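Subject: Structure handover

Hello,

Here is the structure I promised to pass on. Please open it first, then read the notes below it.

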Amino acid sequence: RAEISRLGLESYVETLDEQGFVLLPPEVADPTGLAPRMLERILDVAERRSGFRPDLEGGSSHKDFKVGNPFIENDSPWGEMMKSLVHEGQVFEEALMNPVVLALVTHLCGYSAVLSSYSALVKGPNKSDFNFHSDILLPAPWPDHALVCNATYVLTPFDREHGSTA
């Protein structure tokens with residue numbers, strides 16, 4: 001609670017507890033300006049891994065992106081998943097250790113929280129549905145406390161017009 005108070009996150013934690021999610025404005029979530037550096041580094045990593053730089057303007061580079069799995073016939077609703085970013089540069093280490101993110105994760109999952117995945121999704125226009133789901137790999141009913149949590153840095157427009165999770 002002391003860290004939440006020190007960072008001025010009380011109202012965000014209240015929303016998180018009531019709704020199960022919270023959206024933080026950039027000046028709260030990213031006071032040191034990580035987002036532009038993260039986006040540039042993600043684009044660099046994507047280009048190095050795939051051989052082409054993602055098209056941020058129209059999404060042509062990832063239109064109807066195929067996951068490369070012969071068992072999946074349609075385009076990928078999650079786009080290109082770039083895993084293990086913590087090994088791709090200091091900006092990702094900074095993002096992982098962001099005090100605001102750590103305070104909220106600790107609030108939900110406690111001090112023994114374990115990093116399970118650190119990835120970026122590069123998406124383009126597609127026709128696939130992304131079914132509502134939970135990342136909890138247990139059958140319902142679930143307990144009242146959090147078993148997992150996701151922290152997402154939104155680096156490009158994330159709305160109905162430009163694409164979003166739901």
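The notes below go from the overall layout to single residues.

**Overall layout**

This is a predicted model. The protein chain has 166 residues, and 27% of them count as buried. It holds six helices and two strands. From the N terminus on, the order is α-α-α-α-β-α-α-β. Take the contacts between residues at least 6 apart in sequence: 67% of these join residues at least 24 apart.

One such pairing of sequence and space is worth a look. P26 and Y153 are 127 residues apart in sequence, yet their C-alpha atoms are 9.3 Å apart. P26 sits in helix 3. Its relative accessibility is 57%, so P26 counts as exposed.

**The cores**

In soluble globular proteins, nonpolar side chains tend to be buried together. Here, the largest nonpolar core has 13 residues. Within this core, I42, M82, L85 and F92 touch the most other members. Helix 4 (34–50), helix 5 (90–96) and strand 2 (120–122) each give two or more residues to the core. Helix 4 gives the most, with five.

Start with L85 if you want to trace the packing. Leaving out residues up to four places away in sequence, L85 touches I42, V45, R49, F92, Y118, S119 and A120.

There is also a second, separate core. That one has 10 residues, among them L9, L16, V22 and L104.

**Helix 6 and its ends**

Helix 6 covers residues 99–109. Its buried residues are V100, V101, A103, L104 and V105. An α-helix has 3.6 residues a turn, so residues three or four places apart point the same way. What covers the buried residues of helix 6 includes helix 1 (2–6), helix 2 (10–19) and helix 3 (26–29).

What caps the N-terminal end of helix 6? The cap is N98: one of its side-chain oxygens lies 2.8 Å from the backbone nitrogen of V100. N98 belongs to the loop between helix 5 and helix 6. N98 counts as buried because its relative accessibility is 6%. The N98 side chain also reaches the backbone oxygen of A29, at 2.7 Å. Setting aside neighbours within four places in sequence, N98 is in contact with A29 and Y153.

After helix 6 comes G110. The phi of G110 is positive, near 85 degrees.

Now the second largest pocket. Its volume is about 150 Å³. The lining is made up of R1, A2, E3, I4, P99, L102, A103, T106, H107 and Y111. Helix 6 gives the largest share, five residues.

**Cysteines**

How many disulfides does the structure hold? There are zero. C109 and C149 show why. The sulfur of C109 has its closest cysteine sulfur in C149, 4.0 Å away, which is too far for a bond. A disulfide needs the two sulfur atoms within 2.5 Å. C109 has a relative accessible area of 23%, so C109 is partly exposed. C149 is at 27%, so C149 counts as partly exposed too.

**Backbone points to check**

Most residues other than glycine have a negative phi, and most peptide bonds are trans. Two places here are worth checking against that.

- S84 has a positive phi, near 60 degrees, and is not a glycine. S84 lies in the loop between strand 1 (80–82) and helix 5. S84 counts as partly exposed because its relative accessibility is 43%.
- A140 and P141 are joined by a cis peptide bond, with omega about 5 degrees. P141 is in the segment after strand 2.

**Where to look again**

Then turn to helix 6 itself. V100, V101, A103, L104 and V105 are its buried residues, while A103 is also among the residues lining the second largest pocket. L104 belongs to the second core.

Best wishes

Definitions and conventions: Residues are numbered from 1 along each chain as its sequence is written. This is a predicted model: local features need pLDDT of at least 70, side-chain atom pairs count only at pLDDT 80 or more; totals for chains, interfaces and linings use all residues. Side-chain values use heavy atoms; hydrogens and water are left out. Buried means under 20% relative accessible area, exposed over 50%, partly exposed in between (1.4 Å probe, protein chains only). A nonpolar core is a set of buried Ala, Val, Leu, Ile, Met, Phe, Trp, Tyr and Cys residues joined through side-chain atoms within 4.5 Å. Helices (H or I, at least four residues) and strands (E, at least two) are DSSP runs, numbered from the N terminus. Contact means heavy atoms within 4.5 Å. A polar contact is a pair of N or O atoms within 3.5 Å; within protein, one must be able to donate a hydrogen and the other to accept it, and residues adjacent in sequence count only if both atoms are side-chain atoms. On a 1 Å grid over the protein atoms alone, a cavity is a set of points where a 1.4 Å probe fits but cannot get out, and a pocket is an open set with protein on both sides within 12 Å along at least five of seven lines; lining residues have an atom within 4 Å of a point. Grid points are joined across faces, edges and corners, and a volume is the space filled by probe spheres set on the points.
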